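Work through the exercises below with the model open. Each solution goes step by step.

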Amino acid sequence: MSHPAASADTQPFPNSSPLIGRFSGLIQCFVSLFSRLPDSLIALIGRFSIAAIFWKSGQTKIEGFAVDLVSGEFSLGWPHLSDSAVALFQDEYRLPLISPELAARMAAFAEHFFPVLLLIGLATRFSATALLVMTLTIQIFVYPDAYPTHGVWASVLLILIARGPGVLSVDHLQAKYFATKSAG
């Protein structure tokens with residue numbers, strides 16, 4: 001016959017109540033449920049979210065053209081760089097080796113072009129890499145104390161670079177098309 005104290009020490013939760021057992025079962029249920037989330041859904045949410053961040057930032061740099069799919073704001077005109085965007089790059093951002101005018105134009109373009117590509121899932125890895133470089137530039141030269149925010153952005157972009165856009169993307173359709181074309 002074994003000693004009662006010895007058997008209690010070998011149990012995962014000695015003196016545990018049925019409540020802890022139910023809690024453990026609930027946790028296992030959640031883990032099982034969330035492990036079934038499709039990578040394509042995660043990629044779609046990541047693509048939409050990171051695209052929205054950069055798109056909204058780009059919208060602050062231009063005038064004459066505004067599109068916000070979520071709020072329903074549409075102002076379709078010929079876009080041009082705002083005066084405040086150039087001033088922002090002159091006074092606050094101050095990137096080395098590049099003029100404020102060129103930096104403002106490049107940022108406004110990149111913050112519109114790459115998010116559109118991400119949203120539709122076209123050239124996803126390339127677009128995510130471009131936005132990751134932009135994120136690193138912002139982190140290093142503009143807002144070094146914003147590493148928690150930039151770390152989240154980088155994580156989403158790295159997932160898209162490593163795993164791709166998922167099945168709900170133009171990239172996937174192109175890959176499927178070329179795979180069947182080369183097979184046939």
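**Exercise 1.** Which residues does Met134 touch, not counting residues up to four places away in sequence?

Solution. Step 1: apply the contact cut-off, heavy atoms within 4.5 Å. Step 2: leave out residues up to four places away in sequence; Met134 then touches Phe54, Ala107, Ala110 and Glu111. Step 3: keep the source in mind. This is a predicted model, where local features need pLDDT of at least 70, side-chain atom pairs count only at pLDDT 80 or more, and totals for chains, interfaces and linings use all residues. Residues are numbered from 1 along each chain as its sequence is written, and side-chain values use heavy atoms, with hydrogens and water left out.

**Exercise 2.** Find which residues of the largest nonpolar core touch the most other members.

Solution. Step 1: a nonpolar core is a set of buried Ala, Val, Leu, Ile, Met, Phe, Trp, Tyr and Cys residues joined through side-chain atoms within 4.5 Å. Buried means under 20% relative accessible area, exposed over 50%, and partly exposed in between (1.4 Å probe, protein chains only). Step 2: the core has 28 residues, and Ile50, Leu118, Leu131, Met134 and Leu157 touch the most other members. Step 3: assign the helices. H3, H4 (83–93), H5, H6 (124–142) and H7 (147–163) each supply at least two residues of this core. H5 has the largest share, eight residues. Helices (H or I, at least four residues) and strands (E, at least two) are DSSP runs, numbered from the N terminus.

**Exercise 3.** Locate the salt bridges and classify their partners as buried or partly exposed.

Solution. Step 1: the criterion is a side-chain nitrogen of Lys or Arg within 4 Å of a carboxyl oxygen of Asp or Glu. Step 2: Lys56 pairs with Asp68, with 2.8 Å between the closest N and O atoms. The partners are twelve residues apart: Lys56 sits in helix H3, Asp68 in strand S1 (residues 62–68). Lys56 counts as partly exposed because its relative accessible area is 47%. Asp68, at 15%, is buried. Step 3: Lys61 pairs with Glu111 at 2.9 Å, N to O. This pair spans 50 residues, from the loop between H3 and S1 to helix H5. Lys61 is buried at 3%, and Glu111 is buried at 3%.

**Exercise 4.** Is His112 buried or exposed, and what does its side chain meet in a polar contact?

Solution. Step 1: His112 lies in helix H5 (residues 100–120). Step 2: its relative accessible area is 13%, so His112 is buried. Step 3: its side chain makes a polar contact with the side chain of Gln59 at 2.8 Å. The term needs a pair of N or O atoms within 3.5 Å; within protein, one must be able to donate a hydrogen and the other to accept it, and residues adjacent in sequence count only if both atoms are side-chain atoms. Step 4: beyond neighbours within four places in sequence, His112 is in contact with Trp55, Gly58, Gln59 and Ile62.
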